[in-house]
Amino acid sequence: MQSSSHLLPGNVADTVAKATPAKRKRGKALSRRTGQNGHIESSGKWFVVRFWKDIEGQEKRALVRERICPISGPGSLNRSERERRAREIIADTQVDTAQYFNRVVKQQVGVTFKEQSKIWLEQSQTRKRKPIRATTVPTIQAAFDKWILPEVGHLPLYETAKYPTMKALVTRMNAGGLSAQTVNSYFRMAAAVIASAEDADGNPLYPQKWDANKLDLPLVETSKQRRPSITAETMTEFARVKSPKYRMLMILAASAGCRIGELLGLEIKDLLDNFTTVRIIQQAKGKELTTELKTANSVRFVDISPEVAALLKEFLAGRTTGLVFPNRVGRPLNPSNIRNRVIHPLLRMKGLPTGGNHIFRRFRITWLRENSVSPDIERFWLGHANRTVGDDYSMLKKNIKFRKQIADKIGVGFELPTSILASVVPNVPKMAVEQAEQAVA
């Protein structure tokens with residue numbers, strides 16, 4: 001069989017004929033794909049140009065051809081015009097551009113989804129606009145490790161930009177029992193990794209527009225999302241748990257509405273105005289403290305009722321430094337232990353759906369609305385962003401005296417114990433109580 005190299009200009013044909021396997025491998029470099037003029041020949045009634053083109057998913061380049069013009073009659077061109085038109089055709093295919101090379105060649109042989117995910121995660125933390133907080137990185141990485149990378153991590157990045165691959169990922173997450181919200185969130189992270197691949201000019205290599213219907217992404221119905229909450233009666237039970245430390249923690253969580261990380265990172269120096277104001281400037285993340293809070297609005301002052309302040313003062317028993325709720329070695333408590341060893345046993349005992357530490361925050365916001373607290377004060381206490389121009393204009397949140405009057409007036413919405421340190425009758429099974437006491441460690 002005659003070699004196709006006879007179709008190329010003499011110097012190029014000689015190079016192809018003499019090339020060793022090693023040289024062909026070096027042909028993966030972009031420099032060997034630039035400046036093609038192609039080879040013009042006649043084919044039937046047409047002049048055509050033949051040139052090399054990298055094909056997605058194939059190891060070797062293919063010799064392709066495109067029509068230039070009819071050999072005779074209307075539309076025919078002279079030799080110089082055919083050569084110019086041949087160069088235009090090659091240029092239009094962009095086979096010699098860096099963007100095409102990176103998308104079709106470099107990405108398929110060099111970069112996997114897992115490698116690109118690391119690049120994306122690093123860039124997401126250092127970008128100027130809405131960077132990802134360092135405290136959320138472990139959570140994101142855990143989602144990648146458990147759900148995304150096992151399915152697509154080993155694949156070339158160009159392969160993950162295809163619908164069948166991403167649909168298989170969505171199918172795996174749906175089958176894994178993840179909620180609709182979680183499946184959509186994890187898919188957006190995977191899509192962001194693919195979109196982050198760019199050429200030297202900053203153009204996306206895979207500008208894919210994903211169709212939720214084709215991917216079979218589940219519909220997120222807000223009304224059906226699981227948001228466990230508790231009543232005043234149940235909250236009163238939490239205010240009577242045996243351990244004074246957990247008793248005080250849950251009372252403060254339900255009367256201040258702070259996030260659990262904010263409470264576990266709270267230091268005594270941040271209890272101001274005779275313990276009636278809680279200053280939130282840091283949170284606990286694992287065993288460490290960090291000033292990186294969820295949002296900029298999380299840095300705030302939360303006013304609490306004088307009754308809760310009195311219990312706090314009793315609970316601290318003269319301590320003036322350190323965490324408000326430390327474990328035995330002075331570090332933050334483990335929120336998972338609180339949930340699994342204290343909250344869940346009590347809820348199960350009462351026959352209620354189990355929920356996490358956020359149930360106290362939901363209780364507080366419900367109580368604020370039942371008492372018609374001004375929306376801008378509500379958002380200030382909870383660490384939420386303003387929603388209207390009126391919220392920006394309002395100065396109520398800067399009126400400390402007024403805030404404290406509201407906190408005193410509305411109270412906490414559940415029955416407080418007369419003493420935080422006095423013994424109470426156990427209200428959970430003995431085994432659950434013993435486990436709860438161990439959770440301090």
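Hi everyone, let me start inside the protein: the residues lining the second largest cavity divide into nine nonpolar, one polar and one charged. Before I go on, please keep in mind that this is a predicted model.

So which residues are they? The lining of that second largest cavity is made of Leu249, Met250, Ala253, Cys258, Arg259, Ile260, Leu263, Ile338, Ile343, Asn357 and Phe360. Helix H12 (244-256), H13 and H15 are the elements that give two or more residues each to this lining. H12 has the largest share, with three residues. The volume of this second largest cavity is about 50 Å³, and the search of the whole structure turns up two cavities of 30 Å³ or more. As a reminder of the idea behind such a search, rolling a probe the size of a water molecule over the atoms shows where empty space is left.

Now, on to the open space. How much space lies in the largest pocket? About 1,100 Å³. It is lined by 28 residues, and the closest to its centre are Arg133, Thr136, Thr139, Lys285 and Lys294. The lining here divides into 11 nonpolar, 11 polar and six charged residues. If you want to find the pocket on your screen, look for helix H6 (137-152), helix H9 (180-195), helix H13 (260-264), strand E6 (283-285), helix H15 (335-349) and helix H16 (358-370), each of which supplies at least two residues of the lining.

Let me turn to the strands. There is an open sheet of three strands in the order E4-E5-E8, with antiparallel pairing. Its edge strands are strand E4 (271-272) and strand E8 (300-303), each pairing on one side only. Strand E5 (residues 277-280) pairs with E8 in the antiparallel sense over four bridges.

Finally, the chain as a whole. Its secondary structure comes to 20 helices and eight strands. There are 441 residues, and 43% of them count as buried. Taking contacts between residues at least 6 apart in sequence, 64% join residues at least 24 apart. The accessible surface comes to about 24,100 Å², with 51% of that belonging to carbon and sulfur atoms.

Conventions
Residues are numbered from 1 along each chain as its sequence is written. This is a predicted model: local features need pLDDT of at least 70, side-chain atom pairs count only at pLDDT 80 or more; totals for chains, interfaces and linings use all residues. Side-chain values use heavy atoms; hydrogens and water are left out. On a 1 Å grid over the protein atoms alone, a cavity is a set of points where a 1.4 Å probe fits but cannot get out, and a pocket is an open set with protein on both sides within 12 Å along at least five of seven lines; lining residues have an atom within 4 Å of a point. Grid points are joined across faces, edges and corners, and a volume is the space filled by probe spheres set on the points. Ala, Val, Leu, Ile, Met, Phe, Trp, Tyr, Cys and Pro count as nonpolar, Asp, Glu, Lys and Arg as charged, and the others, Gly among them, as polar. Two strands pair if DSSP finds at least two bridges between them. Buried means under 20% relative accessible area, exposed over 50%, partly exposed in between (1.4 Å probe, protein chains only). Contact means heavy atoms within 4.5 Å. Accessible areas come from the Shrake-Rupley method with a 1.4 Å probe; for residues, only the protein chains shown count as cover.
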